[in-house]
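User: I am new to this structure. Please show me how to read its features, one at a time.

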Amino acid sequence: MMAQGPVLIILHLAAFAWNVFSILKNLEVTGLTPRHGAHTYGGRWKYLTFINQVLQTIYFGFCLFADAVLLLHPDRKRGFGRRLMLLRDCMFSVLAFPVGTFVVSLFWSLYAYDRELVYPKVLDTIIPQWLNHSMHTTVLPLLLMELFVCSHEYPSKKKGLLALSVFCFAYLAWLLWINYAAGIWVYPILEKLDSVGMAVFFAVSVAVMAPIYILGELLTKRVWAKPQEFKKRK
């Protein structure tokens, strides 16, 4: 059921505040390894985890702004209210949900296989466990909460996947540029791959985004479909 008015504002405020707090604590972390630390080329902006956390913060901050506007002007079907909803829904469907879900899924999959490929054990002495989970775990529960308390209108698959693809290839280009400009690979796993392995890794990573996008759309339709629509499908 969709949360209304003040309840929705409280939920979005809590999610926004948590992400802001996590980013501030992330910025306080020092002592990372010279080769892969935040003080090297690109800073924290070379890590998809950090980009995603900023993205989630912007999204929930925008939700908070939209909630406040719609509380004062509740007509969300016309004019400025309609544009706010469309922008909020595009942010969620095209970036917040697929990128956030991807970060959590890929991180913990690689961590379970060999944590040294993505999160070397030495980081445990530098980054608090709660902050690690803030960056790589709680992102998904917050997104699922958002999916269940807020209805989102998805764009056409063609437009949505195209926009998501632009983001993916822009980030891959950024990774390659960092290696060209600074001679470092952002993630330890990339150092262990040859050219073919790297191409496969990049291709699979981008390809996985499409099913995640479609999953978000299917879950949204499942949660927010009217009862009569389910009867028609059976």
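User: Which helix is Ile-23 found in?

Analyst: Ile-23 is found in helix 1 (residues 5-28). Helices here are DSSP runs of H or I with at least four residues, strands are runs of E with at least two, and both are numbered from the N terminus. Keep in mind that this is a predicted model, where local features need pLDDT of at least 70, side-chain atom pairs count only at pLDDT 80 or more, and totals for chains, interfaces and linings use all residues. Residues are numbered from 1 along each chain as its sequence is written, and side-chain values use heavy atoms, with hydrogens and water left out.

User: Is Ile-23 buried or exposed?

Analyst: Buried means under 20% relative accessible area, exposed over 50%, and partly exposed in between, with a 1.4 Å probe and protein chains only. Ile-23 counts as buried because its relative accessibility is 12%. Of the chain's 234 residues, 45% count as buried.

User: Which residues does Ile-23 touch?

Analyst: A contact means heavy atoms within 4.5 Å. Leaving out residues up to four places away in sequence, Ile-23 touches Phe-50, Gln-53, Val-54 and Thr-57. Take Phe-50: 27 residues separate it from Ile-23 in sequence, and the C-alpha to C-alpha distance is 8.0 Å. For the chain, look at contacts between residues at least 6 apart in sequence: 78% of them join residues at least 24 apart.

User: How many helices and strands does the chain have?

Analyst: The count is 9 helices and 0 strands. Read from the N terminus, the elements run α-α-α-α-α-α-α-α-α.

User: How do helix 3 and helix 5 pack?

Analyst: Two packed helices are described by the angle between their axes and the distance between the axes. Axes are lines fitted to C-alpha atoms, for helices over the stretch in contact, and angles run from 0 to 180 degrees between N-to-C directions. Helix 3 (residues 79-114) and helix 5 (residues 139-149) pack at about 145°, and their axes are 9 Å apart. Their crossing is left-handed. That term applies if the near helix is turned anticlockwise from the far one by less than a right angle; clockwise is right-handed.

User: Which residues meet there?

Analyst: From helix 3 they include Phe-92, Phe-97 and Val-104; from helix 5, Leu-140, Leu-144 and Glu-146 are among them. The contact divides into 9 nonpolar, 2 polar and 1 charged. Here Ala, Val, Leu, Ile, Met, Phe, Trp, Tyr, Cys and Pro count as nonpolar, Asp, Glu, Lys and Arg as charged, and the others, Gly among them, as polar.

User: What is the packing of helix 3 and helix 8?

Analyst: Helix 8 covers residues 195-224; the angle with helix 3 is about 115°, with the axes 9 Å apart. This crossing is right-handed. Residues that meet include Val-94 and Phe-102 in helix 3, and Met-209 and Leu-219 in helix 8. The contact has 10 nonpolar, 4 polar and no charged residues.
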